[in-house]
Amino acid sequence: MSEPLTNAGRPLLKLAGITKTFGPITANEDVTFDLEPGEIHALVGENGAGKTTLMRVLYGMYQPDAGTIHVDGEQVEFRKPSDSIRYGIGMVHQHFMLVPTFTVAENITLGAEPGRAGLFDRKAADEAIRKPMSRLGVDLAPNTITGTLNVATQQKIEITKVLYRGARIIILDEPTAVLTPQETDELFVLLRKLADDGSSIIFISHKLREVFAVADRITVLRDGRTVSTSATAATDPKQVVAAMTGRGDVNLGRVHRDAAVADVVLRAEGISTAKHRHDAALDGVSFTVRSGEIVGIAGVEGNGQSVLAEALIGTVPLTAGTVNLGGREITGLGVADRRTLGLSYVPEDRHLEGIPINGSVLEGLSAGRLRSRRSWRSWGRAFPKAMRAWGSELIERYSIKTPGYDARCSTLSGGNQQKIVIARELEENPSCLILAQPTRGVDLGAIDFLYGRIAEATARGCAVLLISADLDEILRLSDRVLVMYRGRVAAEARTSETSREQLGMHMMGAKVTETAA
Amino acid sequence: MSTSTTAGPGRRGILRRSGARGPGRATTRLASAGFTLIVGLAMAVLLIQMQGFEPFSTLAAGVQYAVGDPTSIARTIAWGLPLYVAAIGVAIAFRSGMFNIGAEGQIYAGAMASALAGAYLGPMFTGAHLALCILAAAAAGAGLAGALGWLRAAWGVDEVLSTLLSNYIVILFCAYLATGPLRDPSRQSGTTREVVDTARFAEILPRTGLTGVVFLVVALCALGWWLSEKSVIGYRWRMTGESPAFADAAGIDVKGSRIASMVASGALCGIAGAVLVTASQGRFWTEIGSGIGWDAVLVALIGRARPVATLVWVTIYCVMRAAARGVEQVSTVPSELSLILISAIIIAAAARAGVFGQFAAFRHRFLRTKGR
Ligand SMILES: Nc1ncnc2c1ncn2[C@@H]1O[C@H](COP(=O)(O)OP(=O)(O)OP(=O)(O)O)[C@@H](O)[C@H]1O
Ligand SMILES: [Mg+2]
């Protein structure tokens with residue numbers, strides 16, 4: 001990868017002096033950014049640094065307060081996305097914008113349907129999407145319902161959609177946050193191919209491993225300003241982290257914990273479920289998590305990890321097996337009762353299950369406290385002064401970047417939304433915490449911080465089950481790892497005695513037993 | 001970053017722009033409402049002009065008739081009282097994601113229940129009798145709406161369809177009762193027996209129709225607002241409506257909240273029926289609701305299910321209706337034309353509130369594109 005750049009005259013795209021404010025918040029300030037033809041340019045920065053905002057300005061979703069955009073040397077002004085689409089700019093959003101109940105063909109052509117206006121010409125649409133689909137190697141029936149597909153495929157549909165509209169500048173906002181390592185590798189092959197064909201790609205990610213694997217150049221944003229732009233070959237992760245955070249001491253390695261592992265807190269025995277959405281059914285899964293221990297669950301997406309989390313918290317019913325919490329059987333209990341008994345849960349789908357996306361930050365933080373209030377007190381005020389003060393204090397303590405507890409959750413950056421979820425769940429002081437993809441889209445500094453809080457919880461005796469598609473996360477945090485494959489536990493190992501490669505093999509279903517390894 | 005695909009129209013899309021905060025949004029919303037009203041007024045001027053009347057004096061007469069002096073204000077309010085209660089009721093259900101468009105039927109059920117309680121019980125101490133009538137109405141409405149809410153929560157029977165259909169069933173059943181077994185034999189048309197005097201609210205301003213029920217209505221509106229916007233219960237209901245998956249994962253009782261909000265909604269709509277009987281009509285008759293339930297649904301939609309906005313829109317609506325009656329009295333502009341004009345204003349307001357996007361979401365819910 002990253003061959004030296006031939007600076008063929010002027011850049012394809014040039015953003016200069018971009019400033020964008022939302023009321024009191026300055027999301028972008030005097031940002032400069034340029035893009036060469038055929039280049040993959042990574043944009044990195046902490047949560048709330050303004051990456052998404054900058055890209056939305058470029059895509060015409062926001063109007064900048066100041067600054068200019070040049071495409072091919074021509075100064076342009078984008079008032080709406082269709083303006084930028086006309087200039088060959090396409091964006092795959094951090095949160096997908098597909099309509100789950102539409103077919104693949106409908107989603108791809110949505111807003112730019114072939115044929116006469118107002119009528120959906122199915123034949124013409126199927127024909128028109130064939131070329132971009134084959135360019136990406138997507139092999140799908142055009143009438144597949146989008147909501148039934150897994151995330152990686154949905155993402156490919158988003159990219160197809162962008163290509164269908166003739167984009168030569170493709171913006172990918174945290175595309176890998178939802179992908180497994182294998183899917184990420186596939187995506188990178190695809191991006192490289194697109195770049196070699198002459199497309200330019202802007203790539204946003206919090207994972208430096210990926211940035212260094214795929215990008216030709218890296219631009220760092222901090223607090224809405226451009227800090228540096230450098231060729232990947234001329235810099236290293238340490239420098240980039242320092243530029244992103246302004247700190248030199250961010251821990252990127254294993255998290256230090258001093259927790260004594262004691263009694264079994266969570267015990268699952270032979271639990272099975274029916275097939276749920278596009279995840280595999282659980283098939284006789286057994287394991288234990290002890291107090292003070294972190295057990296990681298690794299696996300390629302769709303092998304039952306999501307269902308496992310939901311079965312443990314009680315939103316998916318079991319067909320067989322039992323779950324015990326602190327010696328008490330909770331198999332038949334509902335979510336509320338399980339939570340009351342000390343179970344906490346960070347769901348993997350933040351927008352759907354983690355926070356009330358249209359509600360306020362305080363409404364997101366307080367669910368745990370308001371859920372259990374009983375009887376006549378429920379008629380009382382939900383957010384009296386004490387509650388609001390508590391909310392402000394949590395915002396402070398977890399450094400959630402927001403104008404206040406009254407702000408709508410949807411206006412927070414992705415990482416800050418996640419902090420709401422983790423703050424709420426840790427504040428419940430659980431005896432057992434189930435974390436499903438807890439740091440998806442969260443920046444390095446914040447991950448460091450959140451891991452610290454999780455480590456503190458285990459020091460208090462909390463048992464943690466960590467379900468993650470990010471092997472680095474599992475290797476950094478957990479004491480033991482279980483690998484799930486087709487709804488079963490395929491392998492188990494102490495973290496100190498295994499490696500990325502070995503786990504990767506188990507995840508692909510390789511029949512290597514512990515003794516043989 | 002997350003696997004959600006929330007951007008598409010879905011049931012939560014109905015109240016997507018909830019939680020609007022900050023002065024900015026409020027002022028835009030006010031400006032937009034003002035704009036709608038001014039356009040409506042301009043259209044009214046045109047309409048009256050076309051009928052060959054002096055538009056401004058005619059309009060002024062209409063407004064005078066609606067809110068010109070204390071008596072007319074009282075009359076206008078008295079007409080709107082059931083609508084206030086019903087609209088708050090509908091808004092509460094909308095807020096928790098339950099589309100209770102069965103308000104009209106619940107009003108009929110409430111009116112029937114209170115008419116029976118008023119006619120066949122008593123006479124007795126008037127406070128107790130009124131309380132009985134109102135409780136009977138609330139129970140009828142709550143039972144009806146709660147049952148449909150339960151069907152939705154437990155069996156997934158879509159409440160849009162079930163409440164819609166319930167209107168026809170309930171209204172026809174009440175009509176059967178009023179023309180058949182419970183008909184007042186001394187009357188020719190389909191009415192029940194007149195309630196005894198102890199089951200009627202006393203007028204507090206003579207010859208305005210404004211009765212003591214106004215205090216009850218104010219209390220119910222305040223209660224509805226508190227319940228839905230301020231209380232812990234309301235928090236659970238709103239979360240259930242806006243983010244059901246979040247509510248579920250957080251351990252909020254989603255089914256319970258759905259049923260409870262429908263019970264509250266139905267109770268309020270039922271009481272609106274009781275207000276019709278005990279404060280003005282004095283009996284049940286087959287056309288007693290006269291579309292108030294539908295008005296309530298419309299107004300709650302325009303008010304985006306926010307109690308305060310809904311109450312403001314009820315007030316605007318009542319004033320417009322009264323002004324239309326006033327215009328009719330001083331000119332030959334027939335009230336049908338005025339009603340068309342009011343409808344046009346409402347449609348404009350609805351468009352501004354994004355109500356049509358909400359209907360698109362409804363459509364989407366029923367007419368999915370075929371695929372596999
Ligand atoms: N529509 C909006 N209204 C108000 N504030 C906003 C809005 N969009 C973004 N912001 C604020 O602007 C800042 C930058 O947000 P942005 O989403 O661009 O960050 P980001 O770099 O993409 O972060 P992340 O890595 O978490 O996705 C944040 O403080 C955010 O709260
Ligand atoms: Mg972002």
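Helices here are DSSP runs of H or I with at least four residues, strands are runs of E with at least two, and both are numbered from the N terminus. By that rule chain B has 14 helices and zero strands. This is a predicted model, in which local features need pLDDT of at least 70, side-chain atom pairs count only at pLDDT 80 or more, and totals for chains, interfaces and linings use all residues. Residues are numbered from 1 along each chain as its sequence is written, chains are lettered from A and ligands numbered from 1 in the order in which they are written, and side-chain values use heavy atoms, with hydrogens and water left out.

## Chain B and its helices

Read along the sequence, chain B runs α-α-α-α-α-α-α-α-α-α-α-α-α-α. Of its 372 residues, 55% are buried. Buried means under 20% relative accessible area, exposed means over 50%, and partly exposed lies in between, with a 1.4 Å probe and protein chains only.

Let's look at two of these helices. Helix 4 of chain B (residues 103–120) has 18 residues, which at 1.5 Å a residue should span 26 Å, and its end C-alpha atoms, 25 Å apart, agree with that. The expected span is 1.5 Å times one less than the number of residues in the helix. Helix 4 of chain B is mostly covered, with 16 of its 18 residues buried. After helix 4 of chain B comes B:Gly122, which has a positive phi near 80°.

Helix 6 of chain B (residues 159–179) passes the same kind of check: its 21 residues should span 30 Å, and its end C-alpha atoms are 29 Å apart, which agrees. At the start of helix 6 of chain B, a side-chain oxygen of B:Asp158 reaches to within 2.8 Å of the backbone nitrogen of B:Val160. Buried residues in helix 6 of chain B include B:Val160, B:Ser166, B:Val170, B:Cys174 and B:Leu177.

Now for the ligand. A residue is near a molecule if one of its heavy atoms lies within 4 Å of it. There are 19 residues around ligand 1, and A:Asn47, A:Gly48, A:Lys51, A:Thr52 and A:Thr53 come nearest.

| Residue | Atom on the protein side | Distance to an oxygen atom of ligand 1 |
|---|---|---|
| A:Gly48 | polar backbone atom | 2.8 Å |
| A:Thr52 | N or O atom in the side chain | 2.6 Å |
| A:Gly414 | backbone N or O atom | 3.2 Å |

Taken alone, ligand 1 exposes 640 Å², and the protein buries 88% of that. Such areas come from the Shrake-Rupley method with a 1.4 Å probe; for residues, only the protein chains shown count as cover. Helix 1 of chain A gives the most, with three residues.

By class, the shell around ligand 1 holds five nonpolar, eleven polar and three charged residues. Here Ala, Val, Leu, Ile, Met, Phe, Trp, Tyr, Cys and Pro count as nonpolar, Asp, Glu, Lys and Arg as charged, and the others, Gly among them, as polar. Domain 1 (13–245) and domain 2 (264–507) of chain A each supply at least three residues to the shell around ligand 1, with bounds that come from an automatic or database domain assignment.

A:Arg480 sits in strand 19 (residues 480–485) of chain A. With 12% relative accessibility, A:Arg480 counts as buried. The side chain of A:Arg480 makes polar contacts with the side chains of A:Glu293 (2.8 Å) and A:Glu492 (2.7 Å).

A:Arg486 lies in the loop between strand 19 and strand 20 (488–494) of chain A. Its relative accessibility of 59% makes A:Arg486 exposed. A:Arg486 has a positive phi near 50° and is a residue other than glycine. Most residues other than glycine have a negative phi.

B:Ser290 also has a positive phi, near 45°. B:Ser290 lies in the loop between helix 10 (254–281) and helix 11 (292–302) of chain B, and B:Ser290 is exposed, with a relative accessible area of 57%.

Conventions. Polar contact = N/O pair within 3.5 Å; in protein donor to acceptor, adjacent residues only side chain to side chain.
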